[in-house]
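Subject: Structure handover

Hello,

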Amino acid sequence: MKRIFILGIGVLIIACSKKSPKPPEAAVLSFPLENSECTTGVSLNTTTSQVEFRWLEANHADTYELRVTNILTGISVTNAPTAALSARLPLLKGVPYQWRVTARNAETQESAVSEDWYFYNAGVQTTYAPFPAEILEPSSGTSVVRDLNNQITLSWFGADVDSDIQSFEVYLDTVQDPQLLVASPSVFITDVQADVAIDTVYYWRVVTIDREGNTSDSGTYSFRVIR
């Protein structure tokens, strides 16, 4: 009986000492560079070129999944999971894209998503529309608290291949398609104060305008004012 008891303790110790698999860390993107014009793609025809995407190895990851989204259409393409640190996709020329990489580990269901990077696939254009503004705060779906003036701060980040952003238009409203213009700051201002009411859901978006008159829309984000 004593021998069986000791054996049982040994099995229990071995079972408890087995380490749980570590979840993967997010991959660091490498190329195409963020907010750039990709000029190194291999031309396939007059409208399409093949672009190579590269990223750095992520800790505890054994496969990677590349997702590339056409910003103009919202259509995404995802490649099959790969153990390589690069992948190639045919893309339309002269079109802005967003891309990210998801790192996975076969021993756990957890995954890690990289940052989102934007780029233009080089075409024949001499001028490019700005990239959609990146909404910083409030991010979509969050709850916020007003300051002593019953205001909150709306902040964003803008980028453009041509570096010729002229101004922004900030729209804020209580309807899902905000058309109420609350601010028109210059390129040097990327946050504004806005009056808000308590216990109300707001929707907001930012339109970026460059000196050539090209524009881009951030898309609509929502937040709730809780007090």
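Among contacts between residues at least 6 apart in sequence, 66% join residues at least 24 apart. Keep in mind that this is a predicted model.

**Overall shape**

The secondary structure comes to one helix and 19 strands. The radius of gyration is 24 Å, while the globule rule gives 17 Å for 227 residues, so the protein is more spread out than a compact globule. The C-alpha trace spans about 85 × 55 × 25 Å along its principal axes. Buried residues account for 38% of the 227 residues.

**Cores**

The largest nonpolar core has 22 residues. Within this core, Phe53, Trp55 and Trp99 touch the most other members. Strand 1 (29-31), strand 4 (48-55), strand 5, strand 7 (86-92), strand 8 (95-104) and strand 10 (117-121) each supply at least two of the core residues. Strand 8 gives the largest share, with five residues.

Phe53 deserves a look on screen. Leaving out residues up to four places away in sequence, Phe53 touches Phe31, Pro32, Leu66, Val68, Leu85, Ser86, Ala87, Leu89, Leu91, Trp99 and Phe119. Another core, of 19 residues, lies apart from the largest one. Its members include Val144, Phe168, Leu172 and Trp204.

**Empty space**

Rolling a probe the size of a water molecule over the atoms shows where empty space is left. The largest pocket holds about 280 Å³ of space. Its lining has 16 residues, and those closest to the pocket centre are Gln98, Tyr118, Pro132, Ser218 and Tyr221. Strand 5 (63-70) and strand 11 (134-137) are the elements that give two or more residues to this lining. By class, the pocket lining has six nonpolar, six polar and four charged residues.

How many cavities of 30 Å³ or more are there? The count is one. The largest cavity has about 80 Å³ of space. Its lining consists of Glu34, Asn35, Asp116, Tyr118, Phe131, Pro132, Ala133, Glu134, Phe157, Gly158 and Ala159. Six of these lining residues are nonpolar, two are polar and three are charged.

**Backbone points to check**

Two cis peptide bonds come next. The bond from Phe31 to Pro32 is cis, with omega near 5 degrees. Pro32 sits in the loop between strand 1 and strand 2 (36-38), and Pro32 is also one of the residues that Phe53 touches. The bond from Glu137 to Pro138 is cis too, with omega near -10 degrees. Pro138 is in the loop between strand 11 and strand 12 (142-144).

Then there are positive phi values. Asn35 has phi near 55 degrees, a positive value in a residue other than glycine. Asp199 is located in the loop between strand 16 (191-195) and strand 17. Its relative accessibility is 57%, so Asp199 counts as exposed.

Is Thr108 buried or exposed? Thr108 has 18% relative accessibility, and buried means under 20%, so Thr108 counts as buried. Thr108 is in the loop between strand 8 and strand 9 (111-113). Not counting residues up to four places away in sequence, Thr108 touches Pro21, Lys22, Pro23 and Pro24. Thr108 and Ser140 are 32 residues apart along the chain, and 28 Å separates their C-alpha atoms.

Glu212 falls in the other class. Its relative accessibility is 54%, and exposed means over 50%, so Glu212 counts as exposed. Glu212 lies in the loop between strand 17 (200-210) and strand 18 (215-217). With residues up to four places away in sequence left out, Glu212 touches Thr127 and Asp164. Glu212 and Val187 are 25 residues apart in sequence and 14 Å apart in space, C-alpha to C-alpha.

Best regards

Key:
Residues numbered from 1 in each chain as written. Predicted model: local features only at pLDDT ≥ 70, side-chain atom pairs only at ≥ 80, totals over all residues. Heavy atoms only, no water. 1 Å grid on protein atoms, 1.4 Å probe; cavity = no way out; pocket = protein on both sides within 12 Å on 5 of 7 lines; lining within 4 Å. Points joined across faces, edges and corners; volume = space filled by probe spheres on them. Helix = DSSP H or I, 4+ residues; strand = E, 2+ residues; numbered from the N terminus. Nonpolar A, V, L, I, M, F, W, Y, C, P; charged D, E, K, R; others polar. Core = buried A, V, L, I, M, F, W, Y, C linked by side-chain atoms within 4.5 Å. Buried < 20%, exposed > 50% of the residue type's maximum accessible area, 1.4 Å probe, protein only. Contact = heavy atoms within 4.5 Å. Rg over C-alpha atoms; globule rule 2.2 N^0.38 Å.
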